[in-house]
Amino acid sequence: MTDQELIWRISGGSGDGIASTSQNFAKALMRSGLNVFTHRHYPSRIRGGHTYTEIRAASGPVESRGDGYNFLLALGDSFARNPQEGAVYGNEEIKPLSENLDELREGGVIVYDEGLLDPSEIPNFDERVEENDWHVFPLDLRGLARDMGREVMRNTAGVGATCALIGMELDHVEDLMRDAMPEKILDPNLEILETAYDQVREEYDVDDVDVSVPTGEHEETQLLMSGSDAIAYGAIDEGCRFIAGYPMTPWTEVFTIMTQNLPELGGISEQVEDEIAAAALAVGASHAGVKAMSGSSGGGFALMSEPLGLAEMTETPLVLVEAMRAGPSTGMPTKPEQSDLEHVLYTSQGDSQRVVLAPGTVEEAYEQSRLAFRLAYEYQIPTILLYDQKLGGELKNVPKSHFDREPNPTLGKTLTEEELAEQPHSADGKFHRFQHDVEDGVTPRSIPGQKGGRYLATGNEHDPTGHISESPDNRVAQIDRRTQKLEAIRADLDTVDTSSYAGPADAEYGVLTFGSQQGTVEEAVGRLNDAGVSVKSLGVSDMLPFPTEEVEAFIESVEEVLVVEMTASGQFRGLVQKNLGRYGEKLSSLLKYNGNPFEPAEVVDGFEAAIVEGDGDASGHQTTFVPAAGD
Amino acid sequence: MSTFSAIGEEREIDRDEYTPGVEPQPTWCPGCGDFSVLKALKQALPEVGRTPEETLLCTGIGCSGKLNSYLDTYGFHTIHGRSLPVARAAKLANPDLEVIAAGGDGDGYGIGGNHFIHTARENHDMTYIVFNNEIFGLTKGQTSPTSPKGHKSKTQPHGSAKEPLKPLSMSLNAGASYVARTAAVNPNQAKEILIEAIEHDGFAHVDFLTQCPTWNKDARQYVPYIDVNDSDDYDFDRTDRVEAAEMMRTTEEALYDGEVLTGRFYVDEDRPSYGQEKRQIGEMPEEPLAERYWDDDYEWERSYDRFIDKHE
């Protein structure tokens, strides 16, 4: 596989420029005509700690991280704490090299900064190198950078060395550096890049290296984009001009992108005292007639339960995004998990009336961000976009044309003053904002400041004018009408293509997944079919209202279904069974909750061990099989 | 017809316009101080020329939250403690609205205390009325953040061991630019203070002493009261932060010694409101954002044209 794809991993400490260097290199690979996909691994630490980013590049489609990787660029961790006997974190200085060896494929390449890393500190390093046929290139990257510029430019030296070893021309990298760097640091960086490149070409026989850069060509202009970018752009294109939030990893990315762009668009961003306020501000802005959003990650979203319920009861359009990370409580702040699914579906008191969408890819993140706003405003209901640290942070190339769409700033069923005059009012002039019998359950609204539109929005149960009411007849009429909206939304969603299928339609087995695991599952399904296993997959995005009929048809069409998700308790499988209880004995689970997203091979091996060979766990992986109920 | 033609309309306003047809008679207990807040608002709003449909009243939960049912304007009866974040966002979305928030002492100084501090700090151009009866009324008489030390209730059977919260001092320190206290028993002063508070360009906090004859029988009826701005016994400059702070402290301590001091304690007419500050740094549009969604000529920008190229 080494000749088909490059999986380049750059490792170092937090604060060492790993993210920006890898982003630029991914873009250079994309511009060279390849498809790229990144995977970030970083600790919840300001400086230092074991950090890496992986770039997978191939001429064919890449929608997932790979199985392991084949090229390591190990830089020093400038913020590593001094090694001392008994230190809790061990010797941090050597980690950029030592922590990354387990996943390096046979025949892989190691470039390490010999100015900072000493492999003699790693037990059995030489034996492992020989055993795995690794090609090792110790280079004094720091020294080179220091001599020609500054020490921090050693990342550039590492990229230059990489290009020399994988046979990649420097032009795309140089173009990017010219775009991104100010004059003052550009010249030394270019010099360092070229010197490192030449030095490697001169000193080593690079023909021995099995890992090379693939070649490819794009038919149209590509963009390198993350899920967080896509969510923010979707919101902007749907006319969202107000955001309120409080920082929390990983939701902060969307909040930051919106905050940096909104002033340019005449919008408003508010960083506020807590997440209760953040969601309440979004409710207030929406009530006053602006398209508004807020969001958070698990712990912050918990604080939003109250305003979320208020938006449900007052039928205030609202979009919240929830960027999942590993829980419970503070959990693992920088690690992905999908275990906030039930939290988001069910939090807040009473019978919930909300929409929850879980996009699976960067493209879907853009589309479903827009869809979330459309549904929220057309149906006057809070809509939650549920994603995770993986989808939010991973970068991939997307055709530019994907974003060439018209904006949609419409507010939904909102009345002009002329239309308001035609609507039912009480004798005292109060507008009947919450009428009982209306099509789809959606009753048109007025905006404060409009003549003839005054009403009371209240979290109490209320009559058509908004007046607080505990009348049984009114209660039933209002609950039924609000519930009716979910049926209308389900019918609406049935006309929108949010699900993703892979594999032959007449396959024997099925894999169900949701959200960010979709790309990995689809790659695994492809490999299983190549290996002669007849299997197809369905990636579901609509969590609520659930596409019961569609999922039922999928389950009906196969013998057995493996549900793949990043939770420990099988929450998504639980959701499927809540809606399709009678299929319980056809559903088993493959779970992963160690803080790292699935690799395709883990799904392949997990599927083979559990379904093809019988009920069991695949060896060598930190995944868990949970058999079907009754098994 | 413009989008929001109720806004800025010049006409005579009858105070009966604020009385709803449904439930015109409030359900507060006889003798409750809350009636005075309602009456003072009905008097103040016509005087400042704000009609029911250009006014947004946001309330919390409690006896005070019922104000929305008895004052007929655009209303948002929110959740316990959260009237301020809803209200201030509405003001940012449409600065032409007259935004008033109201809640009780438990609502504003207890569960919503964080929002109170930050809304005052930011100096949003709005009025915040706190019905301060030193008790939780709607839940039947539990000790509140402003209950005096030693106050006995079903939830504090041995008497509260806590010092009461000092709302005026807290407000000043947090950054409110208008801080006043009035009392239900003083309707003329209440009306005048509400007029000033509504007209003030910044966060105007009115601590409104509202006696609770049902659950706080020990409490004074807040008589006799003294207006510190008119009394010869008190001499301080309400525009001076240090003097205001001292007067507030005196007032807050005096209340628990049986002396009811009211009036304007701090007024800063020079501090820009939050909206002005935000416009100043280019983070808020000059025209109300809420208007834009109705402007057929507005060209909505696409991410494709504005932000996408840097991803190439």
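## Strand pairing across the two chains

Two strands are taken as paired where DSSP finds at least two bridges between them. In this predicted model, strand β1 of chain B, residues 55-59, and strand β2(B) are joined by four bridges and run parallel. Within that pairing, Leu56(B) has Tyr74(B) of β2(B) as its bridge partner. Strand β2(B) also pairs with a strand of chain A: β15(A), residues 456-458, runs parallel to β2(B), with three bridges between them. In this second pairing, Ala457(A) is bridged to Phe76(B) of β2(B).

In a regular strand, side chains alternate between the two faces of the sheet. Strand β2 of chain B covers residues 74-77; Tyr74(B) and Phe76(B) point one way, while Gly75(B) and His77(B) point the other way. Residues on both sides of this strand are buried.

## The contact between chains A and B

Chain A contributes 59 residues to the contact and chain B contributes 53 residues. On the chain A side, the elements that give two or more residues are β7 (222-226), α8 (227-237), β8 (242-245), α10 (275-287), α12 (305-314), α16 (417-422) and β15. Of these, α10(A) gives the most, with eight residues. By class, the side of chain A that touches chain B comprises 31 nonpolar, 16 polar and 12 charged residues.

## Packing of helices α10(A) and α12(A)

Two packed helices are described by the angle between their axes and the distance between the axes. For α10(A) and α12(A), the axes come within 8 Å and cross at roughly 20°. Angles under 35 degrees count as roughly parallel, and these two helices are therefore roughly parallel to each other. The crossing of α10(A) past α12(A) is right-handed.

From α10(A), the residues in this contact are Ile276(A), Ala279(A), Ala280(A) and Val283(A). They meet Glu306(A), Pro307(A), Leu308(A), Leu310(A) and Ala311(A) of α12(A). By class, the contact has eight nonpolar residues, no polar residues and one charged residue.

## The six-stranded sheet of chain A

Six strands of chain A form an open sheet with mixed pairing, in the order β16-β18-β17-β20-β21-β22. Its edge strands are β16 (500-502) and β22 (624-626), each of which pairs on one side only. From one strand to the next, the twist averages 20°.

Helix α20(A) lies across β17, β20 and β21 of chain A and runs at about 135° to β20(A). The buried residues of this helix, which spans residues 571-579, are Gln571(A), Phe572(A), Arg573(A), Leu575(A) and Val576(A). The elements of chain A that cover them include the strands β17 (509-514), β19 (542-544), β20 (560-565) and β21 (587-591). Also included in this cover are α13 (341-346) and α19 (548-556) of chain A.

Technical notes
Residues numbered from 1 in each chain as written. Chains lettered and ligands numbered in written order. Predicted model: local features only at pLDDT ≥ 70, side-chain atom pairs only at ≥ 80, totals over all residues. Buried ≥ 20, exposed ≤ 12 C-beta atoms within 10 Å, placed from the backbone. Contact = placed C-beta atoms within 7 Å. Nonpolar A, V, L, I, M, F, W, Y, C, P; charged D, E, K, R; others polar. Axes fitted to C-alpha atoms, helices over the stretch in contact; angles between N-to-C directions. Parallel < 35°, antiparallel > 145°, perpendicular 65-115°, else oblique. Left-handed = near helix turned anticlockwise from the far one by under 90°.
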